[in-house]
Amino acid sequence: MSDPVLLGLSGSLRRDSTNTRLVREAARLFGPGRFVEADLRLPLYDGDAEERDGIPVEVQTLSDQIAEADVIVISTPEYNKGPSGVLKNALDWISRTPGNPWNNKPLAVMSATAGRAGGERAQMLLRSFMVPFQPRLITGPEVHLADSRNQFDAEERLVSDQYTATLQRLMDKLRAEVAFKQVLDK
């Protein structure tokens with residue numbers, strides 16, 4: 001198997017986002033491959049603007065990155081019991097691009113939050129948001145990083161052996177799914 005391209009999407013735009021840290025840690029634990037970090041700084045979806053101006057360049061870039069990736073990791077914060085608006089906006093825009101870049105794409109979902117539940121509700125809703133796109137969603141183990149500000153060291157590595165082990169198992173399952181998909185695609 002050649003080294004896969006892993007695309008990471010963080011549902012948080014914060015400079016020191018723990019969701020971005022979690023996506024980067026997932027990429028490190030995933031192992032050999034090329035990691036691409038998506039930029040979700042997109043205009044708000046507006047059907048009138050789409051009709052007038054077409055798909056924005058930055059949205060098409062994201063759609064192309066999804067299509068070109070071998071595997072995708074998404075981490076979402078939990079805002080008001082759901083995924084971030086930033087992430088939902090990106091999904092809405094991608095649904096408007098030609099084709100379906102998510103189709104049959106191995107995907108792992110995770111969450112990092114300040115709260116004690118670690119984004120469990122947001123992650124559950126995000127999984128349901130992905131159903132129409134038909135990716136190959138890895139169902140677990142689930143990574144719900146609670147008290148996320150205190151879960152990373154100075155090198156942005158997880159400090160908890162339990163969280164690290166769970167994330168490693170998820171990345172191992174994701175890597176196995178990539179290998180399985182490569183066999184199916186032959």
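Predicted model: local features only at pLDDT ≥ 70, side-chain atom pairs only at ≥ 80, totals over all residues.
## Helix α6

Let's start with α6, which runs over residues 161–185 and has 25 residues. From first C-alpha to last, α6 reaches 36 Å, close to the 36 Å expected at 1.5 Å a residue. At its start, a side-chain oxygen of Ser-160 comes to within 3.2 Å of the backbone nitrogen of Gln-162.

Which residues of α6 are buried? They are Thr-166, Leu-167, Leu-170, Met-171, Leu-174, Arg-175, Glu-177, Val-178 and Lys-181. These buried residues pack against helix α1 (18–30) and against the strands β3 (71–76), β4 (106–112) and β5 (136–137).

Beyond residues up to four places away in sequence, Glu-177 touches Pro-106, Arg-136 and Ile-138.

Ser-75 belongs to strand β3 and is buried, with a relative accessible area of 0%. Setting aside neighbours within four places in sequence, the contacts of Ser-75 include Leu-9, Ser-10 and Gly-11, then Asn-19, Leu-22 and Val-23, and also Met-110, Ser-111 and Ala-112.

## Where α3 meets α4

Two packed helices are described by the angle between their axes and the distance between the axes. For α3 (residues 57–68) and α4 (residues 85–94), the angle is about 85° and the axes are 10 Å apart. The two helices are therefore roughly perpendicular to each other.

On the α3 side, Val-59, Leu-62, Ser-63 and Ile-66 take part, and they meet Ala-90, Trp-93 and Ile-94 in α4. By class, this contact has 6 nonpolar residues, 1 polar residue and no charged ones.

## Backbone details in the loops

Most residues other than glycine have a negative phi, and most peptide bonds are trans.

The peptide bond from Gly-140 to Pro-141 is cis, with omega near 10°. Pro-141 lies in the loop between β5 and β6 (144–145). Gln-134, in the loop between α5 (120–130) and β5, has a positive phi near 60°; this residue is partly exposed, with a relative accessible area of 46%. Glu-156 also has a positive phi, of about 65°, although it is not a glycine. Glu-156 is found in the loop between β6 and α6 and, at 29% relative accessibility, counts as partly exposed.

Definitions and conventions: Residues numbered from 1 in each chain as written. Heavy atoms only, no water. Helix = DSSP H or I, 4+ residues; strand = E, 2+ residues; numbered from the N terminus. Expected span 1.5 Å × (residues − 1). Buried < 20%, exposed > 50% of the residue type's maximum accessible area, 1.4 Å probe, protein only. Contact = heavy atoms within 4.5 Å. Polar contact = N/O pair within 3.5 Å; in protein donor to acceptor, adjacent residues only side chain to side chain. Axes fitted to C-alpha atoms, helices over the stretch in contact; angles between N-to-C directions. Parallel < 35°, antiparallel > 145°, perpendicular 65-115°, else oblique. Nonpolar A, V, L, I, M, F, W, Y, C, P; charged D, E, K, R; others polar.
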